[in-house]
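Biologist: I would like to learn how to read a structure like this one, feature by feature. Could you give me the general idea each time, and then the case at hand?

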Amino acid sequence: MEFLKDLWGFMAARKKFWLAPLIIILLLVGILVVIGGSSAIAPFIYTLF
């Protein structure tokens, strides 16, 4: 949790709020890769890309 506070503090102090959507999208893609690599849903996820 402290990492998220530090990240938010960095973005607020340097006015880099445009980083928030990038971080969220990267996290979502990472979750899709992890789920898609080891499940029966993999063929359906790979059709998205």
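Modeller: Let us begin with aromatic pairs: rings of Phe, Tyr and Trp, the last by its six-membered ring, are paired if their centres lie within 6.5 Å, and planes under 30 degrees apart count as stacked, over 60 as edge-to-face and the rest as tilted. By this rule there is one aromatic pair in this model, which is a predicted one. The pair joins W8 and F17, with 5.5 Å from centre to centre and 50° between the planes, and it is tilted.

Biologist: Why does F17 count as partly exposed?

Modeller: The class lies between buried, under 20% relative accessible area, and exposed, over 50%. F17 has a relative accessibility of 39%, and therefore it counts as partly exposed.

Biologist: How many helices and strands does the protein chain have, and in what order do the elements run?

Modeller: The protein chain has three helices and zero strands, and read from the N terminus its elements follow the order α-α-α. Along the principal axes, the C-alpha atoms fill a box of roughly 45 × 20 × 10 Å. Buried residues account for 10% of the 49 residues in the protein chain, and of its accessible surface, about 4300 Å², carbon and sulfur atoms hold 78%.

Biologist: How far does helix 1 reach from its first C-alpha to its last, and what follows this helix?

Modeller: Helix 1, residues 2-13, has 12 residues and spans 16 Å between those two atoms, close to the 16 Å expected at 1.5 Å a residue. F3 has its place in helix 1, and because its relative accessibility is 61%, F3 counts as exposed. After helix 1 comes K15, which lies in the loop between helix 1 and helix 2.

Biologist: Which residues form the nonpolar patch on the surface, and which helix gives the largest share of it?

Modeller: For the general idea, an α-helix has 3.6 residues a turn, so residues three or four places apart point the same way. The patch is formed by I24, L28, I31, I35, I41 and F44, which together have about 610 Å² of accessible area. Helix 2, residues 19-37, gives the largest share, four residues, and I24 is placed in helix 2.

Biologist: Which element has the lowest mean pLDDT, and which the highest?

Modeller: Helix 3, residues 42-46, has the lowest mean pLDDT among the elements, 71, whereas helix 1 has the highest, 89. Over the protein chain the mean pLDDT is 83, and 94% of the residues reach 70 or more.

Conventions. Residues are numbered from 1 along each chain as its sequence is written. This is a predicted model: local features need pLDDT of at least 70, side-chain atom pairs count only at pLDDT 80 or more; totals for chains, interfaces and linings use all residues. Side-chain values use heavy atoms; hydrogens and water are left out. Buried means under 20% relative accessible area, exposed over 50%, partly exposed in between (1.4 Å probe, protein chains only). Accessible areas come from the Shrake-Rupley method with a 1.4 Å probe; for residues, only the protein chains shown count as cover. The expected span of a helix is 1.5 Å times one less than its number of residues. Patches are made of residues with over 30% relative accessible area and no salt bridge: like charges are joined within 9 Å, nonpolar side chains (Val, Leu, Ile, Met, Phe, Trp, Tyr) within 5 Å. A salt bridge is a side-chain nitrogen of Lys or Arg within 4 Å of a carboxyl oxygen of Asp or Glu. pLDDT is the predictor's confidence in each residue, from 0 to 100.
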